[in-house]
Amino acid sequence: MSTSEINKLNKAMKETNDKRLYERYLAVRLHLEGHSFAEISRLLGLVRQTISLYWQGYQEKGLEGLFMKHSPGKPPRLNEEQLDQLAELLISKQPVDVGFEARYTWTLPLIASWIEREFDIIYSVRGVSKVLKRSGFSFTKATYTLAKADQEAQTAFRDVTFPELKRKLGDGAIDHLLFEDESMIRAYQALQYSWFPRGQQRKVKTYGRHEGAKLFGAINYETGQVHHREEEIADLSAWIRFLSDLLKAYPTGKIVMILDNSRIHHAAGLRAFLQEHPRLQLVFLPPYSPELNLMEGVWKWLKSDVINNVFFSKFYRIRLHVTAFMKRLNKHPMQTIDRLLVRL
């Protein structure tokens with residue numbers, strides 16, 4: 001691994017505003033750091049051949065070799081029979097049904113992976129999008145914002161509070177910087193938009209009891225490591241059990257935890273626990289600011305990949321898939337860092 005080469009790539013990544021060029025720099029940097037093409041493919045949602053071409057271009061011409069006018073490897077078109085198979089797949093199957101473990105929503109990278117696996121034809125994410133639109137599929141997603149948010153307080157957290165915490169982390173005054181949050185997972189969770197024939201609607205069958213569990217979670221800002229605990233009720237006792245888990249996970253050093261203002265986080269009964277463990281410090285976010293809590297991003301990712309658009313008839317299956325998702329994140333922390341931890 002060449003430190004000077006990686007430094008040049010990091011500098012180029014900071015200076016470019018081109019998302020596709022940034023992706024090429026990142027792919028090359030990951031390979032220089034020892035990741036295989038297959039690992040980078042999974043991390044970035046690109047096919048191995050594309051990453052190989054990026055690497056080849058870099059070896060031949062350095063950074064200049066990554067300036068490509070078009071995406072490499074222009075794919076051949078799917079024939080009518082293959083298009084019909086793809087349409088049938090998106091209508092009647094979920095990713096988990098065809099070998100994508102703990103995935104329940106079709107995304108463009110997943111569809112590209114399936115096409116390559118089944119037909120040995122390589123498509124970019126943009127190419128898959130064009131194919132789906134030509135085939136009568138559409139994709140739309142809405143988002144929410146909280147009207148009561150205090151923008152001045154949020155700006156102060158972004159510009160003052162959080163930079164100061166990062167400075168202390170770099171100086172060694174803080175050893176572990178975590179973001180914490182809770183989430184409710186139900187046997188039926190939510191319906192989200194996904195690729196489906198225009199004018200039609202995916203139907204998710206439900207029956208039986210609608211069980212659920214409360215999840216406590218924390219993500220390490222520096223390493224991307226995610227910790228979680230399942231509880232039936234999100235009360236003070238459960239909250240303290242999760243804090244105890246984190247103290248065991250980080251047996252030494254100062255821990256600073258950033259979290260929201262939910263009732264249990266301010267419970268009077270928590271004071272004795274914090275006094276007993278002075279190396280644990282809580283830093284509260286401005287009210288109504290979920291977008292500043294990086295653990296919120298983990299929950300959205302979990303629900304998108306595992307929970308939404310599916311009904312679990314047995315509650316233990318939810319737990320199995322949540323655990324599988326968390327293991328996947330912790331196996332590839334670079335993916336978590338690149339997806340979530342660059343937000344602040």
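The structure is a predicted model, in which local features need pLDDT of at least 70 and side-chain atom pairs count only at pLDDT 80 or more, while totals for chains, interfaces and linings use all residues. Residues are numbered from 1 along each chain as its sequence is written, and side-chain values use heavy atoms, with hydrogens and water left out.

The chain holds 13 helices and seven strands. Helices (H or I, at least four residues) and strands (E, at least two) are DSSP runs, numbered from the N terminus. Of the 344 residues in the chain, 43% are buried. Buried means under 20% relative accessible area, exposed means over 50%, and partly exposed lies in between (1.4 Å probe, protein chains only). Contact means heavy atoms within 4.5 Å. Among contacts between residues at least 6 apart in sequence, 70% join residues at least 24 apart.

Helix H6 spans residues 108-119. H6 has twelve residues and reaches 16 Å from its first C-alpha to its last. That is close to the 16 Å expected at 1.5 Å a residue; the expected span is 1.5 Å times one less than the number of residues. The buried residues of H6 are Leu-108, Leu-110, Ile-111, Ala-112, Trp-114, Ile-115, Glu-116 and Phe-119.

H6 packs with H7 at an angle of about 90 degrees, and their axes are 9 Å apart. Axes are lines fitted to C-alpha atoms, for helices over the stretch in contact, and angles run from 0 to 180 degrees between N-to-C directions. H6 and H7 are therefore roughly perpendicular to each other. Angles under 35 degrees count as roughly parallel, over 145 as roughly antiparallel, 65 to 115 as roughly perpendicular and the rest as oblique. On the H6 side, the contact is made by Leu-108, Pro-109, Ile-111, Ala-112 and Ile-115. On the H7 side, Val-125, Val-128, Ser-129 and Leu-132 take part. These residues divide into eight nonpolar, one polar and no charged. Here Ala, Val, Leu, Ile, Met, Phe, Trp, Tyr, Cys and Pro count as nonpolar, Asp, Glu, Lys and Arg as charged, and the others, Gly among them, as polar.

H6 also meets helix H5 (residues 80-92). The two axes come within 12 Å and cross at roughly 135 degrees. That makes H5 oblique to H6. Their crossing is right-handed. A crossing is left-handed if the near helix is turned anticlockwise from the far one by less than a right angle, and right-handed if clockwise. Gln-82, Gln-85, Leu-86, Leu-89 and Leu-90 of H5 meet Ile-111, Trp-114, Ile-115 and Phe-119 of H6. This contact has seven nonpolar residues, two polar and no charged.

The loop between H6 and H7 contains Asp-120. This residue follows H6. The phi of Asp-120 is near 55 degrees, a positive value in a residue other than glycine. Asp-120 is exposed, with a relative accessible area of 64%. Ile-122 is placed in the loop between H6 and H7 (125-134). Ile-122 counts as partly exposed, at 22% relative accessibility. Ile-122 and Thr-50 are 72 residues apart in sequence, yet their C-alpha atoms are 8.9 Å apart in space.

A further helix pair is H2 (residues 19-32) and H3 (residues 37-44). They pack at an angle of about 140 degrees, with axes 10 Å apart. H2 and H3 are therefore oblique to each other. H2 passes H3 in a right-handed crossing. From H2, the contact involves Glu-23, Leu-26, Ala-27, Leu-30 and His-31. From H3, it involves Phe-37, Ile-40, Leu-43 and Leu-44. Seven of the residues in this contact are nonpolar, one is polar and one is charged.

Ser-41 also lies in H3. At 13% relative accessibility, Ser-41 counts as buried. Ser-41 and Ile-51 are ten residues apart in sequence and 7.2 Å apart in space, C-alpha to C-alpha.

Two other residues lie later in the numbering. Tyr-288 is in the loop between strand E7 (280-284) and helix H11 (294-307). Its phi is positive, near 55 degrees, in a residue other than glycine. Tyr-288 is partly exposed, with a relative accessible area of 42%. Thr-336 lies in helix H13 (residues 333-341). Thr-336 counts as buried, at 0% relative accessibility. Leaving aside residues up to four places away in sequence, Thr-336 touches Ile-219, Gly-224, Trp-301, Leu-329 and Leu-341.
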